[in-house]
Amino acid sequence: MRNREYRPTLPQLRAFVAIADTGHFGQAAQRLGISQPSLSQALSTLEGGLGVQLVERSTRRVLVTPLGRGILPYARQVSEIVDDIVARASGRTDELAGPLAIGFIPTIAPYILPNFLLSVREELPELEPRIVEEPTAHLIEALRSGAIDAAVLALPSGVSSFAETPLYEEEFHLVLPEGHALAGRDDVPLDVLGDLDLLLLDDGHCLRDQVLDLCHRVDAHREDTLGLETRAASLSTVVQCVAGGLGETLVPASALKVEAQRPGLATARFEGPARPGRTIGLVHRASSVRGDEFSRIGELVKQSYEKAIAED
């Protein structure tokens with residue numbers, strides 16, 4: 001039964017967050033620098049005061065209850081606010097420091113991260129980035145739960161409780177087998193998609209959905225006839241299939257240097273001025289107190305993209 005006079009303490013909330021993040025009492029205690037009995041006591045006091053079970057304990061694993069998952073983002077937000085108070089009091093508000101979990105979708109991460117992480121080391125040496133590469137739906141869930149702090153993905157996210165900052169527009173290029181009739185052209189009409197054997201990423205990747213949307217715009221194929229015979233979990237695999245003569249695909253501009261400069265491949269561009277593409281942005285919880293910090297991260301992401309597409 002809930003104690004109406006009870007108010008959670010910061011150590012209790014931190015204990016709950018650490019247990020939820022690690023799924024392990026020992027690892028959570030180590031992360032907080034306290035003993036495991038102290039951690040267990042903090043969680044028990046929190047659960048007792050609230051009158052609810054937040055965590056299911058077993059000999060093999062720890063699971064957050066459905067009610068606990070609903071409370072977790074608020075517990076995490078309280079911890080973030082307190083950390084921000086301490087940072088402001090110590091005059092560290094203009095310097096990004098400490099851990100920051102950033103999500104990237106798989107069609108961005110391999111091409112942006114080398115430049116991004118180098119920029120972080122050079123310009124934000126006190127920052128401790130933790131990179132999470134997942135499809136969009138997984139990153140959105142991780143943002144909701146507080147498992148990550150921000151995500152770089154294609155906009156819009158479709159979540160009203162998120163704040164979104166557009167960073168750059170990224171053009172899609174055609175990647176074709178070497179010797180293809182369209183190779184080297186920069187005026188390919190969009191309706192040519194109806195004549196191509198497009199190879200797509202597997203379900204769950206937003207790039208797949210974006211290509212399907214383009215096809216629907218020009219009435220090119222039905223969704224159930226695209227990409228059924230050949231599917232892949234990575235853009236690299238799709239491009240390898242193109243080199244092997246299995247079809248054609250669309251690739252974002254930042255991936256061209258890495259993926260399209262292989263033997264057996266050629267590229268082409270759609271006709272302008274409104275070439276098809278996507279808007280990439282940085283997304284975070286609107287309730288977060290770290291908006292200024294995320295703006296700086298967004299600038300580094302944008303600069304990293306510009307380096308990725310720059311001609312050598």
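Modeller: Two residues are said to be in contact when they have heavy atoms within 4.5 Å. The model is a predicted one, and the description below should be read accordingly.

Let us begin with α1 and α3. The axes of these two helices come within 8 Å and cross at roughly 105°. An angle of 65 to 115 degrees counts as roughly perpendicular, and α1 and α3 are therefore roughly perpendicular to each other. On the side of α1, the residues that take part in the contact are P11, Q12, L13, A15, F16 and I19. They meet L39, A42, L43, T45 and L46 of α3. By residue type, this contact holds nine nonpolar and two polar residues, with no charged ones.

Helix α3, which spans residues 36-50, also packs against α2, which spans residues 25-32. Here the axes lie 9 Å apart and the angle is about 100°, which means that α2 is roughly perpendicular to α3. From α2, the contact draws on F25, G26, A28, A29 and L32; from α3, it draws on Q36, L39, S40 and L43. Six of the residues in this contact are nonpolar and three are polar, while none is charged.

At least two lining residues come from each of α1 (10-22), β2 (62-64), α4 (66-89) and α6 (136-145). Of these elements, α4 provides the largest share, with six residues. The lining of this pocket is made up of eleven nonpolar, five polar and six charged residues.

The model has two cavities of 30 Å³ or more. The largest cavity contains about 40 Å³ of space. Its lining consists of L199, L200, L201, L207, R208, V211, L235, V238, T249 and L250. Two or more of these residues are given by each of β7 (200-201), α7 (206-217), α8 (235-243) and β9 (249-252). The largest share, three residues, belongs to α7. Eight residues of the cavity lining are nonpolar, one is polar and one is charged.

The structure contains two aromatic pairs. One of them, formed by Y168 and Y305, is stacked, with 3.8 Å from centre to centre and 5° between the planes. Distant parts of the chain are linked in this way: Y168 belongs to strand β6 (residues 162-177) and Y305 to helix α10 (residues 291-309), and the two are 137 residues apart.

Finally, the backbone deserves attention at two prolines. Most peptide bonds are trans. The bond from L155 to P156, however, is cis, with omega near 0°; P156 sits in the loop between β5 (150-154) and β6. G272 and P273 are likewise joined by a cis peptide bond, where omega is about 0°. The place of P273 is the loop between β10 (265-268) and β11 (277-285).

Key
Residues are numbered from 1 along each chain as its sequence is written. This is a predicted model: local features need pLDDT of at least 70, side-chain atom pairs count only at pLDDT 80 or more; totals for chains, interfaces and linings use all residues. Side-chain values use heavy atoms; hydrogens and water are left out. Helices (H or I, at least four residues) and strands (E, at least two) are DSSP runs, numbered from the N terminus. Ala, Val, Leu, Ile, Met, Phe, Trp, Tyr, Cys and Pro count as nonpolar, Asp, Glu, Lys and Arg as charged, and the others, Gly among them, as polar. On a 1 Å grid over the protein atoms alone, a cavity is a set of points where a 1.4 Å probe fits but cannot get out, and a pocket is an open set with protein on both sides within 12 Å along at least five of seven lines; lining residues have an atom within 4 Å of a point. Grid points are joined across faces, edges and corners, and a volume is the space filled by probe spheres set on the points. Axes are lines fitted to C-alpha atoms, for helices over the stretch in contact, and angles run from 0 to 180 degrees between N-to-C directions. Angles under 35 degrees count as roughly parallel, over 145 as roughly antiparallel, 65 to 115 as roughly perpendicular and the rest as oblique. Rings of Phe, Tyr and Trp (its six-membered ring) pair if their centres lie within 6.5 Å; planes under 30 degrees apart count as stacked, over 60 as edge-to-face and the rest as tilted.
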